[in-house]
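Welcome! Take a moment to look over the sequence and the 3D view, and then read on for a short tour by topic.

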Amino acid sequence: MKRQTLKPANRKLTGTIHVPGDKSISHRAVILGAISEGRTEVKHFLNSEDIMRTVKAFQEMGVAIKNSRDVLVIEGKGIEALEEPLHPLYFGNSGTTTRLMLGLLAGLPFFTSIHGDDSLTKRPMNRVVDPLKKMGAKIDGRDYGNLLPISIRGSVLKGIDYKLPVKSAQVKSCLLLAGLLAEGTTKITEDTLTRNHSEKMLKAFGADIHTENNTTTITNKNKLTASPVFVPGDISSAAFFLAAAAIVPGSRLVLKNTGLNKTRTGILDVLDEMGTGLEILSEEETGGEWTGDLQITHTELQGITIEGEMIPRLIDEIPIIALIATQAEGTTIIRDAEELRVKETDRIQAVVDVLTSMGANLEATADGMVIHGKTPLKGGIIPPYNDHRIAMMAAIASLIAKDETVLEDASPINTSYPDFFRDLNSVMN
Ligand code: S3P
C-alpha cells in the first residue's frame, strides 16, 4: 500500500510527455520473442510490473531475457525449447499475461500451475478455458477452471472454428496462440472488432495468419522467426494526460510517440466529438503500428453518447472519459460496456463511487453509466481498488478538486505506468 496525497493543480498544465510503451504490444513482443527462433530486440518496451510477469514466466521456462539499456533482449530458441517451470507461475495483477499464456501453456508438452493477486483471482477465465477445452486442453482450477489458481496439463490441441461470445482481444489472442500449436486450422470470428496487435505481430514473426473482415485464421506453422519490435507509446496511458489538459482550464500538452492503431483510438474520436482542441501533429508507421504526436488544448466540452462498435476501441479509457464527462455541459451516456464489470475491479461501480464521492453527478447502469455535467469536484479519500486505471483517474480528478485528495493506495499504478507521478509533476510548472 502506498498512500499519496494530491493537491489541486491551481494552474494550467503545459509541456510535453513522452508516453511510455504500450502494455498490450509489450506483452505480445515478449511472448512472440520468447517462442521464436533468434534474438528479438524490443525497443521502448513498457518496463512495468504487468510486463515483468510475462518476462518472468518465460525466464522460468528457460528463456534468456535481459533488459539492456531500455531494450529488452530475448534469446528465443523456438517453442520446442521451452521447459517445464519448477514452480507455480505468479501473474500478479495481469489479466493479459494470464489469458494469453493460457493459450500457449495449453498446447505445450508439460505441466504448469498459475496464480495471481486478489484482483486477478476473482476474474473469470472461463471465457478462455471453455474454448481451449473444446480444442482438447486439459485445464482445471477453482470453479472447474474458471478461477485462479489454475493448473494446465499441456496436450495435443486441435483447431476450432470459434465465434467470440465476448468482445475481448485477450480471448482472441489466447486462441490465436493456441492455434499456433493446434493441429489443423483455427478460425476466430468477432462481431465487434477488438485490438489487433496480436494479428499484426504474429504476421511480422512469420506465422501463417490471415484476417478477412472480422475473421482471423491461423495454422500450426509454429516456427516463428525473431523480429525487431518498436513499441509505440500507450494511448491508454496518454489518455490520462489528454484528460488532464481537457479539464484543467488554460492547458496545452503535447504527447509524443502515441500509438494510433485504429482499434485503439476511440478516445481521440470522443475528445473530438466533445469539442476539445485535439490535433495530430505527425504520424508514421513503424513495424505495422501507427504512431504520432498529439497536441491537446483545453476548451469547453459537450456531453455525448458512446456505444456500440466504439466501445472496444476505448474500453480501458472509460474511467477517464467518465471524469472528462463530469466537466462537459449536458449528459454523457456510455452503453454496451458490460465488460467493465470484470476488469481489475468492477469499473462501472468503482468510477461511479469515486466520482460521486468527489461531488460528481452520475449513475451506474447495467452496461455503462450516465454522467450529468458540469459539476465542480471536491477532494476526498479514495479507498484502494487494486486497479491502476481507477487510481490514475482519481489522481487526474484531484487536479481540479477544491481540496486535497488522498489515494489510500497508489501502488497499482506501477502495473502500467510506473513514472506516472513524475510525468504529472513535469507538466505542473
Ligand atoms: C487487452 C485487452 C483488453 C484490455 C486489456 C488489454 C489486451 O481486455 O482491457 O487492458 O492486451 O489484449 P479484454 O480482452 O478483456 O477486453
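The side chains of arginine 347 and glutamate 344 meet in a salt bridge, 3.0 Å from N to O; a salt bridge here is a side-chain nitrogen of Lys or Arg within 4 Å of a carboxyl oxygen of Asp or Glu. This is a predicted model, in which local features need pLDDT of at least 70 and side-chain atom pairs count only at pLDDT 80 or more, while totals for chains, interfaces and linings use all residues. Residues are numbered from 1 along each chain as its sequence is written, and side-chain values use heavy atoms, leaving out hydrogens and water.

- Arginine 127 forms a salt bridge with glutamate 339, with the closest N and O atoms 2.8 Å apart.
- Arginine 127 lies in helix H5 (residues 126-134) and glutamate 339 in the loop between strand S19 (330-334) and helix H11 (347-357), so the pair ties together parts that are 212 residues apart in sequence. Helices (H or I, at least four residues) and strands (E, at least two) are DSSP runs, numbered from the N terminus.
- Arginine 127 counts as buried at 13% relative accessibility, and glutamate 339 counts as buried at 10%.
- By the salt-bridge rule, the count comes to 28.

- Helix H2 (residues 49-60) has twelve residues, which should span 16 Å at 1.5 Å a residue, and its end C-alpha atoms are 16 Å apart, which agrees. The expected span is 1.5 Å times one less than the number of residues.
- Its buried residues are Asp50, Ile51, Thr54, Val55, Ala57 and Phe58.
- They cover an arc of only 155 degrees around the axis, which puts them on the same side of H2; the arc is that of the directions from the helix axis to the C-beta atoms.
- These buried residues pack against helix H1 (23-35), strand S4 (64-68), strand S5 (71-77), strand S6 (89-90) and helix H3 (95-105).
- Aspartate 50 also forms a salt bridge with lysine 23, the closest N and O atoms being 3.8 Å apart.
- Just after H2, glycine 62 takes a positive phi of about 90 degrees.

**Nonpolar cores**

- Of the 78 residues in the largest nonpolar core, Met369, Ile396 and Phe420 touch the most other members. Such a core is a set of buried Ala, Val, Leu, Ile, Met, Phe, Trp, Tyr and Cys residues joined through side-chain atoms within 4.5 Å.
- Helix H8 (residues 235-247) gives the most to this core, with eleven residues.
- A second, separate core of 66 residues includes Phe58, Leu82, Ile152 and Leu180.

- Nine of the nine residues of helix H10 (residues 318-326) are buried, so H10 is largely enclosed by the rest of the structure.
- Lysine 172 lies in helix H6 (residues 169-181), and at 1% relative accessibility lysine 172 counts as buried.
- Not counting residues up to four places away in sequence, lysine 172 touches Leu164, Ile188, Glu190, Thr194, Arg195, Asn196 and Glu199; contact means heavy atoms within 4.5 Å.

Terms used. Buried means under 20% relative accessible area, exposed over 50%, partly exposed in between (1.4 Å probe, protein chains only).
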